Amino acid sequence: MAIRSFFLFILFFSSSLSPVFSLYEDQVGLMDWHQQYIGKVKQAVFSSQRAGRKRVVVSTEENVIASLDLRHGEIFWRHLLGADDVIDGIDIGLGKYVITLSSGGSILRSWNLPDGQMVWESSLQGPKLSKSFLLVPTNLKFDKDNVLVVFSNGRLHAISCIDGEVLWKKDFEAESFEVQQVIQPPGSDLIYVVGFAASYQFEMYQINAKNGELLKHESASFSSGFSGEVSLVSTETVVALDSTGSILLTISFQDGKISSQQTPISNLVEDSLGLAVIIPSSVSGIFAIKTDAVTVFIRVIGEGKLEVVEKTTHEIAVSDALSISEDQQAFALIQHASSEIHLTVKLAHDWDGNLLKESVKMDWQRGLVHKVFINNYIRTDRSYGFRVLIVMEDHSLLLLQQGEIVWSREDGLASIIDVTTSELPVERNGVSVAKVEHNLFEWLKGHMLKLKGTLMLASPEDMAAIQSMRLKSSEKSKMTRDHNGFRKLLIVLTRAGKLFALHTGDGRIVWSHLLRSLHKSEACQSPIGLNLYQWQVPHHHAMDENPSVLVVSRCGPSSDTPGVLSFVDTYTGKELSSLSLDHAVVQVIPLPYTDSTEQRLHLLINADKHAHLYPKTSEALSIFKREFLNIYWYSVEDQNGIIKGHALKCKCTGEVADEFCFDTRDLWSVVFPSESEKIVATVTRKLNEVVHTQAKVVADQDVMYKYISRNLLFVATVAPKGSGEIGSVTPEESWLVAYLIDTVTGRILHRVTHHGSQGPVHAVFSENWVVYHYFNLRAHRYEMSVIEIYDQSRADNKDVWKLVLGKHNLTSPISLFSRPEVITKSQSYFFTHSLKAIAVTSTAKGITSKQLLLGTIGDQVLALDKRFLDPRRTVNPTQAEKEEGIIPLTDSLPIIPQSYVTHALRVEGLRGIITVPAKLESTTLVFAHGVDLFFTQLAPSRTYDSLTEDFSYALLLITIVALVAAIFVTWRLSERKELQEKWR
Amino acid sequence: MAAVTPLLLLLLLSSAPSFSSGSRNAYNINGRVKIPQGLGLGTKGYALPGRMSNVKVLLNGGQNITFLRPDGYFSFHNIPAGTHLIEVSAIGYFFSPVRVDVSARNPGKVQAALTENRKGLSELVLEPLREEQYYEIREPFSIMSLLKSPMGLMVGFMLAVAFLMPKLVENMDPEEMRRAQEEMRSQGVPSLSSLLPGGARN
């Protein structure tokens, strides 16, 4: 109790209004780390600049366009386009502009290659949707101006490379015409547009590249039709498959005349292959077809004759062609062989002559090679050298040169699906990884430097040395558990199906594991990782058992495909076991019970509303049976606007006896009228949140009781018309309704309507309050509202006399049928920015005051004290209220630049913010992820329970030394004086 | 400059009805971001050019994102008529979101207003309201701050006791002093010197 009151005392002291999170510039990197990624590379173009540093420009599936250093893989510059602005193609024009085509071919941009400044942007429209192509012909000139050829939305454009002006355009309006290829033979002024019409007609248009004039239009019909893509084998020949997938069509359109040849695949390959697909490649004369098991490379030898050059059962990847001289083209081929990959570089016209053959050891945790990009350089002996950039299954990017991996980037971390944390091993003899690197001299030197720094006597070099010393402090990156709980492992699941463990101290990857269960297999066609749960967190056996996490995934995009569970040890990264389920996983409910080995019980709900208990042990079952009647959950069907409450009924009544399967029953349902309300957000409290006290002491010694229930659900609905974008609706026909629903009884505890408001709604629920962010159409500004809910049933118990005389109602029975006596308080404020994410700090005991963490549209994270969102704020608070810490009411929430948690950094593409309590009560750990990762420690009420990082130990030492010296001096003085006195 | 221009004839010419109906009432919003103090923006650009290329302009909370040209101009294409919100994201500057009305009835007419202070804009030129300083400024070393710290106070008090107290004692009347000393001796209160090592020897 003494400690508690001490804390409260300190909290009271620290409740000044100055921004709590504030950082000196030299403290950057002490507590926080920031990592930049780009995502899985879709396309890479090598810059051919002779001078300066070698670069490669890449576009990725995260809609990033970036310029990377080819020597080290660092990012020179990077731009993240909008979520709908998917990149269709990139190229380099005139050697100094990066050209990007995006948004389904409707936006063309040019960027300055050295610094990434956008040069121009043009919008390309057209009559209908189509494939889009971006060509940058090297020799096509138009008044000394290089020309870009873009086909998009059914229209062919020629665009100036200098300013983005459209020089000419030509529509392809024929209803059924589907473009397949746009070809610009080098050295000619012609453009060929080829495609299919009505799925059985081959069409060829020949166009003058100078003015867009249509020179020739030929068509030929093929009764067997077409399927899939076409492959271009020369500038005037394409290869396609017929609709049955068994006959190859070689179509040439030399001199504007279409001629064709049909070759059944069975003529080329003896054994039947099943359905084949063409792998598009740009290597002239060669194309590949792939079936389930085999990949076949086929060469075209004039006049449509085909010849098989290689047949392989290995997983392969082929690069595009690279012209190395006037008439020679090279390409790279990568084959997998157990723990190695074989890289071969071949000439297009000579399959058997390898220019290069290398084997590289590859960590199997990276999976298969998905993409290859080839580039050449001239060695000192004037021969050609080749380097290849490969994209792996785990989305990482590697550069191979001379049989070695020059650099690698873990770009899978750009697409994190879920995050959880794990403790590190307890320190014991032999386990500690820390090194004793300090000898006494270095220790002294370090402290002398620090002393100099404190006394402002340090030179700039000394300052730099101090800074690097602080950053390198081995304490924070040790591999053992620390006293304050700052060191943890962040376990992240990426879209590629890979698990990473990141150390919170410096963000390094401790281990990574490509989940076997998320590997494509026959049973599981396209596995997708869904969620991470803490499966086993040993406390009693912390010394000899390792914690583990549960990864829930499913075999396909729809929710009724069977699920897969895998269990991964968080210390070693080993997959302990994996289970292929025979049922789907719609909902996972971690139950608050653990068995004797501290495995947490989980309930998995399938598509037929059966509940399955995991782990499947008899002990778990007996624990579960005991709590059978206390388990409730809810489900949200946002398509139909229904929220339902469920409970367990009995054992499954299926044909197969399964004692871990249970039938469920619906308890209640809330149906929102579909014509006026549409669910846009549902939020509950975090399961592991700790609340310190239910009582809240308000001004004049009064007490309010927070209504703290784990079963509260916040639901926001908007008018169906207003569920679109901002500006698509008028204030009169848009509204937002906020509900607080008890998920056990289905009772609506509170309902409030905001007229003239619309989504998107971002909300966070903690203790007894919910804060939500939405758009106010009348003011045309964003607003944030807070609802606090208080329990009134115990309000009378404040009188001590009643308690003494036994007239309290603490023992009165609580029934679900009686309406809970609650009151709510709410208030709204304007907020400047759009939000992408919202979170709240959480601490070990819940004593420290809370801060909201707002992920703004500018990809920054702003910390906002909860006291700014206190519904008891008034314009003129009384003296008592001021003492309590109530801030005078203002119409908008302040944005204090010093309270940006991310300070001058951006967490590009921010998607989520996760807070984890440290063991030290004052501190919370914050992890923000998007394309970038950012981690920091926050102390919402300052670090009242520990010394701050910049605490000056030197000053303390000096003080002690000075005091001791003074004692001795005065003692001497007094002794001398006494002696003199005696002589007198 | 006219901020809103209807997309020209070429869209209306298109024949496929599904596509043209969508673009018939599509407009462009053109504007300019101006950052004062000659940072980048058409001037010499030696002053932090990186800042300019990292400025983003966002429409309706990220529905469309565009970037600035070297001269600070930006444009959004194919925007339906209605009321929109434009935000500028630039590290180091605070921009107010801007409300932009795109009118279907009289195309070419622009109405823009800063939402923070409701100031109308005659043309769509966005300037930061203020600069943002993300770091605390470290106060230079001063004797006062050293003295004000708890340790400084301790030393100060110690010095005051050590050097001012004897002065006070000296100024006392010798008679009174002797009486006080005798009183102390009779009560047997140990003096500081007797507590210290070597103090007991006398």
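Which residue of chain B forms a salt bridge with A:R781? I looked this up first, and the partner is B:E116, with the closest N and O atoms 3.0 Å apart; a salt bridge here is a side-chain nitrogen of Lys or Arg within 4 Å of a carboxyl oxygen of Asp or Glu.

I note that this is a predicted model, in which local features need pLDDT of at least 70 and side-chain atom pairs count only at pLDDT 80 or more, while totals for chains, interfaces and linings use all residues. Residues are numbered from 1 along each chain as its sequence is written, chains are lettered from A in the order in which they are written, and side-chain values use heavy atoms, with hydrogens and water left out.

I then turned to the whole interface, where 79 residues of chain A are in contact with 66 residues of chain B (contact means heavy atoms within 4.5 Å). The two chains bury about 6200 Å² between them, 57% of it on carbon and sulfur atoms; buried area is the accessible area (1.4 Å probe) that two parts lose on being put together, summed over both.

Across the interface of chain A and chain B, the rule gives me three salt bridges.
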